[in-house]
Each structure stands twice: as C-alpha cells, then as structure tokens.
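The points are grouped by topic.

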Amino acid sequence: MYRRWVTRENLFVAALLERSADAIPAPDTGSIKGDLLAIVREVLAYVGSPAGTAILRAATLPVDHAYADAREAFWARRLDALSPVVERGVERGELRAGTDGRLLLEMLIAPIHGRLLLTGEPVGDDLAEQLVDLALNGAAPHEL
C-alpha cells in the first residue's frame, strides 16, 4: 500500500475522492437557473453529509505531489460532468455563447467551500439563491 500511496493521508484522500466522484449528478430542470440551483443545493447537501465533511477535511490535509494531481483530476472530472448544464443553457439562449462552463461552476461552488473551510459563515438555501442570481445577473445595477 505504501508504495502506491506513500502516506496514510494520501490513501485517505484517494479513497474519499473515489467515493465521492459521482455524488452530484448533472440536473436537467429545463432552465439554467433551475439547473444551477439544483447543483448548488446538491453541493450544500453533500458537504453537510459525513462523506462531504470528510472530503472538506481531506482538502486541507497535506498530500504529496501525486495526490495533488489526484485532487486536480477529481475536480476536473466533477466540473466536466456538470458542464452539460452550461452547454444546454447556451443552446437555449439563456447564457451567452462562449460561456466558460467550468469557471461558472467554480464561481458557484468555491464560495461554499470558502465559507465552510475559511470563514465559518452560514451556508444554506438562501446562499444557493444568492450565488445563482449573482452568477446569472452579475453585480451591475439593473436598468430601469
């Protein structure tokens, strides 16, 4: 085991990443807002679960370079699995052509992790609504 994972932290991270690889499916509610809300709500539910909490803790563990690569591969796989949501939004004309799906998804998910790991601010359904509204409408004032 130690030839492959080197440390028990690496083994722990690898096991958690593998277990959670498909925890959040790509929704198809018929609208980009509904799909993004579903994703954010699923992330919130997942990070509140025992497995999700363990993943968050594992994200803070020091791991060697090989498992830094595994972490990157995990996130790339998750974001790629959810990218059809953004592609459908572009096809329906709800998002502009050329929208970077991975960046949009990262913008929605990163604040959740930031609150849970860094600031301790609350996360909840109101956060889901706020994140999706901000991502879709931006922070510019609305024209009257």
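Helices here are DSSP runs of H or I with at least four residues, numbered from the N terminus. By that numbering, aspartate 126 lies in helix 7, which covers residues 125–137. The model is a predicted one. Its chain has 7 helices and 0 strands.

**Overall fold**

- Along the sequence, the elements of the chain follow the pattern α-α-α-α-α-α-α.
- The chain has 144 residues, and 36% of them count as buried.
- Among contacts in the chain with a separation of 6 or more, 69% are between residues 24 or more positions apart.
- The chain has an accessible surface of about 8700 Å², and carbon and sulfur atoms contribute 56% of it.

**Nonpolar core**

- The largest nonpolar core holds 27 residues, of which Leu36, Ile39, Val40, Val43, Leu105 and Ile112 touch the most other members.
- At least two residues of this core come from each of helix 3 (32–47), helix 4 (50–59), helix 5 (65–91), helix 6 (101–119) and helix 7.
- Helix 3 makes the largest contribution to this core, with 9 residues.

**Helix 3**

- Helix 3 has 16 residues and spans 22 Å from its first C-alpha to its last, close to the 22 Å expected at 1.5 Å a residue.
- Its buried residues are Ile32, Gly34, Asp35, Leu36, Leu37, Ile39, Val40, Val43, Leu44, Tyr46 and Val47.
- Beyond its neighbours within four places in sequence, valine 43 is in contact with Ile24, Ile109, Ile112 and His113.

**Packing of helix 6 and helix 7**

- Two packed helices are described by the distance between their axes and the angle between them.
- For helix 6 and helix 7, the axes come within 10 Å and cross at roughly 145°.
- The crossing of helix 6 past helix 7 is right-handed.
- On the helix 6 side, the contact is made by Leu104, Leu108, Pro111, Ile112 and Arg115.
- On the helix 7 side, the contact is made by Leu127, Leu131, Val132 and Ala135.

**Aspartate 126**

- Is aspartate 126 buried or exposed? Its relative accessible area is 53%, and exposed means over 50%, so aspartate 126 is exposed.
- Aspartate 126 and arginine 41 are 85 residues apart along the chain, and their C-alpha atoms are separated by 9.9 Å.

Conventions
Residues are numbered from 1 along each chain as its sequence is written. This is a predicted model: local features need pLDDT of at least 70, side-chain atom pairs count only at pLDDT 80 or more; totals for chains, interfaces and linings use all residues. Side-chain values use heavy atoms; hydrogens and water are left out. Buried means under 20% relative accessible area, exposed over 50%, partly exposed in between (1.4 Å probe, protein chains only). Contact means heavy atoms within 4.5 Å. Accessible areas come from the Shrake-Rupley method with a 1.4 Å probe; for residues, only the protein chains shown count as cover. A nonpolar core is a set of buried Ala, Val, Leu, Ile, Met, Phe, Trp, Tyr and Cys residues joined through side-chain atoms within 4.5 Å. The expected span of a helix is 1.5 Å times one less than its number of residues. Axes are lines fitted to C-alpha atoms, for helices over the stretch in contact, and angles run from 0 to 180 degrees between N-to-C directions. A crossing is left-handed if the near helix is turned anticlockwise from the far one by less than a right angle, and right-handed if clockwise.
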